[in-house]
Amino acid sequence: MNEQNRNLILATLLSFAVIMTWTLLFPPEEIAVDPAAQVATQSVDPTVPLADPATPDATAPTTADQTAAEVARIAIETPELTGSISMLGGRIDDLALTDYRETLDEGAPIVRLLRPVGELDAYFAAFGWTATDGIDPAAVPGPDTIWSVETGETLTPSTPVTLVWDNGAGQIFRTEISVDDQFMFSFAQSIQNVSTDTVSARPYGLVRRHGEPSDAKRFFILHEGLVRMSDGELEETSYSNITDHTFDERERTLADRIEVQQSGWIGYTDHFWMTTLIPATGTPFRSTSKYFEARDLYQVEAVMPPSIVAAGETATVTTRLFAGAKEWEAITHYENETGVDRFIDSIDWGWFFFLTKPIFWLLHNLNIIIGNMGWSILALTLILKALVLPLAYKSYVSMARMKELQPEMEKLKERAGDDRQAMQQGMMKLYKENKVNPAAGCLPILLQIPIFFSLYKVIFVTIELRHAPWIGWIDDLSAPDPSSIINLFGLLPYAAPDPGSILSLIFIGLLPILLGISMWMQQKLNPAPTDPTQQMIFAWMPWVFMFMLGGFASGLVLYWIANNIITFVQQYAIMRSHGAKPDVFGNIKSGLKRKKADADSKPDK
């Protein structure tokens, strides 16, 4: 390194040290959102929806937080949901899914989706208005308004409820809430103008989440966080990236706004659950994602166009809220029957969506016919193998021809000796003269990679595989095999290692072991390669995969075992039909003899 480069590096390091020291000693002043400043902003941009300001002390509860537990509630009872609506802001902040439990343990609690402020992972939806013209900003209902019940006692699919709030200035606000027998709520927000002046206000819906969910999976294959559709464009933003929103002067916080012209929706998605605001199709709206850093609040909003209400008139705007499980049938119904644009894309299909969607559709329909998801995976494997059979056939024929050339290859190896270049040239000539493509055997493997990954995605992200049993000890195809070799698969009175622990990766279950055996048997259709390095790689590959896939979902391991067995049968039959006679047991014996010879040849220490 010359003197100039050394000085440049030293100057750079010193500059970096000075900047870091200055930042630590004199940190930049944090921008806090002041309520007065927010009201001032509304006078400039009256379309900004009301949101709780961040307090300087992130741990100090707001008045709304303290009031949340004190106001009245209306019960929610549907075939799929149970919970209640708080009169504070008309919030749906207590919602559980009656058909789903946290675990498979007997007596496990049902899954809670929404929680009121004051509980861990507080998460709720609320609807309100913002003033635009002829009405004071304080005279419209927001997330902290105390509503009254006008009609209804319990929200059910057959009995809607209506909340009412009179601002005392000539406007009466109502919200009629209805729900179907699955997971869709409807909020009909209305203004009755009993004053003598025309007024204008914008209805909105919001979903607010207090912090990132504590049970987030944070797994690379799964999206958790913001999901929204804006005029046909899907956006998925993780919680960590939401915090990277730029500061928006109009919203007075970190925010990302999109003006949707025709149709869309916005919300938060978890592994199996989702809460999404869905404005009426054909209605333009403002789709906004926000992050309040001081209180660690995530918030999404759907803000509708202004409703202009003349004296003596009433205006109504209806917005839907999906809050429930991401069941394929339910979401497909809402997309096809109720017009929610591309709602099926709220399920995280991944990069290979062109494979994951049809694969799941086929698996779902097989399960309807068969009635067991495990057997449906086996049937799916048969169908997929049948679809790629023409390509596999060409591959196996090429492999059979290569096997016929084995004696010629041995002679070529003897002639070439240690001359690798001559060996390669001779092999290429031999392949060309006999019209054999040595790469043909790779094609089925290349096809299996996207299929395998797509099925992995399907099994991991779709709720239909959650807690789905197969046979015997496999009671959850979305979870790893619960059996373990440490207790002889349940024969000994010892507990298996906890899933996810290091011991569970070592003391694997029965399905991963069967996977390793099936891969090993598939290898024995052909003699071991002559190259020592290739021999070692091939010898270890089945057992490496056995431990690698040991912690994967049982449904995926089941698919891989079935795939290996079907491949073995196909390859054996095709090679036999072309004159090649795979000597499986002979190859096993030769492999064992080779290992014994290698062991005997090692010098004693």
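1. Within the hairpin formed by E14 and E15, where four residues separate the strands, Arg252 has a positive phi near 60°. Helices (H or I, at least four residues) and strands (E, at least two) are DSSP runs numbered from the N terminus. The model is a predicted one, in which local features need pLDDT of at least 70 and side-chain atom pairs count only at pLDDT 80 or more, while totals for chains, interfaces and linings use all residues. Residues are numbered from 1 along each chain as its sequence is written, and side-chain values use heavy atoms, with hydrogens and water left out.

2. Pairing of E14 and E15. Strand E14 (residues 247-248) pairs with strand E15 (residues 253-260) in the antiparallel sense over two bridges; two strands pair if DSSP finds at least two bridges between them. Phe247 is placed opposite Leu254 in E15. E15 also runs antiparallel to strand E18 (residues 285-292), to which seven bridges join it, and Ile258 faces Ser287 of E18.

3. Other positive phi values. Most residues other than glycine have a negative phi. Asp121 has a phi near 60°, which is positive, and sits in the loop between strand E4 (110-114) and strand E5 (123-133). Asp121 is buried at 17% relative accessible area (buried means under 20%, exposed over 50%, partly exposed in between, with a 1.4 Å probe and protein chains only). Asp231, also not a glycine, has a positive phi of about 50°. Asp231 lies in the loop between strand E12 (225-230) and strand E13 (233-238) and is partly exposed at 38%.

4. Salt bridges. The count is 18, a salt bridge being a side-chain nitrogen of Lys or Arg within 4 Å of a carboxyl oxygen of Asp or Glu. Lys290 and Glu301 form one, at 3.0 Å from N to O. Lys290 is in strand E18 and Glu301 in strand E19 (residues 297-303), so the bridge ties together parts 11 residues apart in sequence. Lys290 is buried at 0% relative accessibility, and Glu301 is buried with a relative accessible area of 0%. Through shared partners, Glu251, Arg257, Lys290 and Glu301 are joined into one network.

5. Asp270 and Arg209 meet in a salt bridge of 3.0 Å, N to O. The partners are 61 residues apart, with Asp270 in the loop between strand E16 (264-269) and strand E17 (273-279) and Arg209 in strand E11 (residues 199-210). Asp270 is buried at 9% and Arg209 is buried at 6%.

6. Nonpolar cores. A nonpolar core is a set of buried Ala, Val, Leu, Ile, Met, Phe, Trp, Tyr and Cys residues joined through side-chain atoms within 4.5 Å. The largest has 115 residues, and Phe185, Trp273, Leu321, Phe322 and Phe343 have the most contacts inside it. Helix H11 (residues 443-461) supplies the largest share of this core, eight residues. A second, separate core of nine residues includes Leu412, Ala416, Met423 and Tyr431.

7. Helix H7. Ala379 is located in helix H7 (residues 373-387) and counts as buried at 18% relative accessibility. Not counting residues up to four places away in sequence, Ala379 touches Leu366 and Ile370, where contact means heavy atoms within 4.5 Å. The C-alpha atoms of Ala379 and Asn367 are 9.4 Å apart, the two residues being 12 residues apart along the chain.
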